[in-house]
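Thanks, everyone. Please have the sequence and the model open.

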Amino acid sequence: MTYVERRLRLASSLDVPALLVTRPVNVRYLTGLASSNAAVLVRQDGTAALATDSRYIQTARECPGLDVIEARDVAAALLSPGAAVEGHDMTVDDYRRLGGDMPVLSGQVEELRTVKDETELDALRHACALTDEVFADVAGRIAPGRTEREIARMLEFRMLELGADKPAFDSIVAAGPNGAIPHHAPGDRPVQRGDLITMDFGALYRGYHADMTRTVALGEPAGWQRELYELVRAAQRAGREAVRAGASAHDIDAAARDLIADAGHAEHFEHGLGHGVGLEIHELPFLGPDRTGRLKDRVPITVEPGVYLPGRGGVRIEDTLVTRADGPELLTLTTKELLVL
């Protein structure tokens, strides 16, 4: 799908004369311009104008089908009578500065972004393939004495070597008791034999974010560790198998959560089951017990149940996949069997 086609989809959804899009990721989605200072005005008739400053103006002029304006105050340069603004992006100060009487819309572009075209899915597949390769390369280099921080840097450096734009987010490496902290920041703790090590990481490729988590054992795992791993593995499989176009966000979450709860670990799995991925690492839709809505075809999401035992450790397994009418297309292909290093 071209950028022109994306803007036409947005225009057809508007019930106001135009929408002033100021959120950078949405500007990129609609125009192709990645910029820290740009805005695009999309009118109901499908025409559009793009404003940016001198740092990006040459690149902006290469974006197809747009009237391009050079300006520092991009919102003021584009705002037209009756145009709505992105209420979830514009500050109160800027809203007042621009007149304070514009209609406010929220989430129109984000909703369109949930369904990916094949160009986007190709970029995401490549990002996930890089992520798989990174794990295969780095897992064999994990040894007692390496720190969490060192392993995280190994993952990220290998992404760059393989052609990623950069890491999709700050990599998580949580070893031993730190595995009980879902978003633990890698520290200077050396990994030890007997540790479960959770690694949550992904590559960014052409703006699209991969997201994968694997938990490995350093040395032969204890019985409780293997039992916990197999529980999370079964829950993750159940969650994946529930993903298909038309399935509800709540029901997909329940498919995994109920298994964990039935095993007596309801209080040890407190985050949602997953989230959309694309131009952002966390975007619509979100899977969770309190989430509403149904998945559409060609929506990339993650499925990432975890069980976290304070003071002992934890397990999380996560894949990126794409909803399809007849079931999910799995993009992160690294095995879910427990890898013993």
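Predicted model: local features only at pLDDT ≥ 70, side-chain atom pairs only at ≥ 80, totals over all residues.

Helix 7 and helix 8 cross with a right-handed sense. Helix 7 covers residues 118-139 and helix 8 covers residues 148-161. The angle at which the two pack is about 130°, and their axes lie 9 Å apart. Because of that angle, helix 7 counts as oblique to helix 8; the roughly antiparallel class would need an angle over 145 degrees.

Which residues make the contact? On the helix 7 side they are Glu133, Val134, Asp137 and Val138. Helix 8 contributes Met154, Leu155, Arg158 and Met159. Sorted by class, the contact between helix 7 and helix 8 contains five nonpolar and three charged residues, with no polar ones.

How many cavities of 30 Å³ or more does the count give? The answer is one. The volume of the largest cavity is about 30 Å³.

Its lining takes in Leu19, then Glu86 and His88, and then Leu105, Ser106, Gly107, Gln108, Val109 and Glu110. Where does the largest share of the lining come from? That is helix 6, residues 108-113, which supplies three residues. By class, the lining of the largest cavity has three nonpolar, four polar and two charged residues.

Notes:
Residues numbered from 1 in each chain as written. Heavy atoms only, no water. Axes fitted to C-alpha atoms, helices over the stretch in contact; angles between N-to-C directions. Helix = DSSP H or I, 4+ residues; strand = E, 2+ residues; numbered from the N terminus. Parallel < 35°, antiparallel > 145°, perpendicular 65-115°, else oblique. Left-handed = near helix turned anticlockwise from the far one by under 90°. Contact = heavy atoms within 4.5 Å. Nonpolar A, V, L, I, M, F, W, Y, C, P; charged D, E, K, R; others polar. 1 Å grid on protein atoms, 1.4 Å probe; cavity = no way out; pocket = protein on both sides within 12 Å on 5 of 7 lines; lining within 4 Å. Points joined across faces, edges and corners; volume = space filled by probe spheres on them.
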